[in-house]
Amino acid sequence: MNQKRYLIKGTLLLTVMGLLTRVAGFFYKIFLSRTIGAAEIGLYQMTIPVFSFCTALCGGGIQTAVSRFVAEALAAENAVACENARKPDDIPHRENTQAAKDESGQGELRPTQSKSGQRNHRPAKKELDRKRARIRASHALLTGLLLSVPASVLGMVLLYFGADLIARRFLLEESCAGLLKVMAFSLPFSTVHGCVCGYFMGSKKVLPPAFSQFIEQMVRIFFVVSAYCLSLQNGTAGGARLMVLGQLLGEAACAIFVLACMGCLSRTSTAKHPLRAQSHSAKHSMPTQSNIPLRSSLRQSGTTLRSSLRQSGTVMRSIPFHPGAAFRRFRSSAQKMLSVSLPLGLNRMLMCVLQAIEASLLPQMLQRAGQSSMEAISDYGTLTGMAMPMILFPTAVTSALGMLLLPTVSEAHSLQQKKQVTQTVNATFMGGLILGSFCLGLFLLFGDNVGYILFQNSLAGIYIRRLALICPLIYINTTMMSILHGLDRSASILLWNLAGFALRFFCILRLVPLLGMNGYLWGLLLDDLLVSVCILFTLRRASWLTVSVPDLFVKMLLPAITGGGAVLLFRAAIAQKIPPMAVFAVSGGIYCLTFSGVGWALLWPDRKKEA
């Protein structure tokens, strides 16, 4: 129940902050388009792929690896806490009776004191295990920082001194060199922010990562708007350089914020340390009344001090301080972390490179299909800048859930709680399928209206309606990939993504010259379908996914079909008698109510069986 409450609250918090960040970014883009201009925005956008590639190269998978290993390390502490909650140091009835007799003087002292003495050492051992778990979590964060921060500093130096070459040879725009030099200083802040946020996510503390992205966006917007207004007063209006400086300050503010949160967390945990609490209670519980003998008081304080020093020595001996031992521990931890982070980093770097190749290749293939250069670029911009953001808008929920699922599944997997992993996988798959089926019918029915109302572009509505078929696949893949990362299947995900990209490139090269943009849409569908099949096959083979996949697909498609039929009947009946906006609003309400009612009726028997 605690895990379910944590997932629900964390998902809601991350989703709300993500939506606020996206809304603020939307108005920020409107401000930039009306003030700075499209040319300066284009220069800034040309540098983004370079920065994304450098970020993936320096520490692309470190954040995910830190989150996973911190969750696995703290799993021992959570297990101890659960054991303490279930078994609060019960004493057998026979020993209780014997202790009562001893206190009343009716019995003699039995040799049960040694057993009780051993029992008294159990809380100390449990606290020692919890201390070691926290130390392992801190070592995971420290290893991630030691791996990523030096790499980011080296990447900063290389990007700064190689900015002229990159701008001249790769971007074919020498004016981007100055922007790349300023952007290079953002790399260390970005890696520090990623590692610390990974520690917070692994510790199940969602507030700092959620607020950090919002703070980054606010600092960036405030600086760019203020600097632009000041530059107008001075007669020297800034452009893309202001946007790059805003990004640098946003990354710096974000890193400082999460480090401050880390410091507050460390002070709080130190204040709640059991040894300090014990010494504090001993100090304040020392008798000071004159009627208590001084010798007894000194004996009691000496006993408490020796016990505290003994436990402190036990804890300190558990921490390796020898340089050789520390180096061997770091090498072992670094090898484990690199085994997880390298596939993730390679995946992100390859995606950056392949997306750049795709962006340059697709307009050329569209020209072979008979379009002019401007038509090809316009259609590509409509697809990637209008239709795809609308299709990916619900991923604010799935991305937030995926960030929380990774440490949760890692913790359950490290504790060998297969039943909990299975329940999480089944519930996540069902949730992604419900959201995907709902959006499938929604975009099929209202894609044209959404494209015209939001973008004043009928072609965007057509693309939204055609892309609706990939909604269930995208939303399922987003959450299931996070679960597989927590189950140590990162290398498999890399291979599946490469296979999907190869299939998409084949469609670009072969189908786009014949079918135009429809060939690319077929490539997107086949790419996501291949990855989904591989994910479901892996989960089913490992017995982590136990629900009937075809049965769930049918049960979730039926509400979408029923809701769509109700909307079509409503439109055919009274669409000519009320205004178009009223038709749009009432149709949306009918679809939501029909989908919810039919979906609940289909899933209710399964819920009764589980209960």
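This is a predicted model: local features need pLDDT of at least 70, side-chain atom pairs count only at pLDDT 80 or more; totals for chains, interfaces and linings use all residues.

Biologist: Where is Ser482 found, and what does it touch?

Modeller: Ser482 is found in helix α18 (residues 471-486); helices (H or I, at least four residues) and strands (E, at least two) are DSSP runs, numbered from the N terminus. Not counting residues up to four places away in sequence, Ser482 touches Gly402 and Leu406, contact meaning heavy atoms within 4.5 Å.

Biologist: And Ser190: buried or exposed?

Modeller: Ser190 counts as buried, at 14% relative accessibility. Ser190 lies in helix α8 (residues 186-202) and touches Thr55 and Glu251, again leaving out residues up to four places away in sequence.

Biologist: Stepping back, how many helices and strands does the protein chain have?

Modeller: The protein chain has 23 helices and zero strands. Of its 611 residues, 42% count as buried. Among contacts between residues at least 6 apart in sequence, 82% join residues at least 24 apart.

Biologist: Which residues touch the most other members of the largest nonpolar core?

Modeller: They are Leu362, Leu383, Phe443, Leu467, Ile508 and Tyr520, in a core of 39 residues. A nonpolar core is a set of buried Ala, Val, Leu, Ile, Met, Phe, Trp, Tyr and Cys residues joined through side-chain atoms within 4.5 Å. Leu362 touches Tyr380, Ile508, Val512, Met517 and Tyr520, not counting residues up to four places away in sequence. A second, separate core has 35 residues, including Leu405, Val409, Ile535 and Val549.

Biologist: How do α17 and α21 cross?

Modeller: The axes of helix α17 (residues 458-467) and helix α21 (residues 517-541) come within 11 Å and cross at roughly 30 degrees. Axes are lines fitted to C-alpha atoms, for helices over the stretch in contact, and angles run from 0 to 180 degrees between N-to-C directions. The contact is made by Tyr463, Arg466 and Leu467 of α17 together with Met517, Asn518, Leu521 and Leu524 of α21.

Biologist: What follows α21 on the way to α22?

Modeller: A loop, in which Ser543 is found. Phi of Ser543 is near 65 degrees, a positive value in a residue other than glycine. Most residues other than glycine have a negative phi. At 35% relative accessibility, Ser543 counts as partly exposed.

Biologist: How far does α22 reach?

Modeller: Helix α22 (residues 549-574) has 26 residues and reaches 38 Å from its first C-alpha to its last, close to the 38 Å expected at 1.5 Å a residue; the expected span is 1.5 Å times one less than the number of residues. Its buried residues include Val549, Lys555, Gly563 and Phe570.

Biologist: Finally, why is α7 described as largely enclosed?

Modeller: Six of the eight residues of helix α7 (residues 177-184) are buried, so α7 is largely enclosed by the rest of the structure. The buried residues are Ala177, Leu179, Leu180, Val182, Met183 and Ala184.

Terms used:
Residues are numbered from 1 along each chain as its sequence is written. Side-chain values use heavy atoms; hydrogens and water are left out. Buried means under 20% relative accessible area, exposed over 50%, partly exposed in between (1.4 Å probe, protein chains only).
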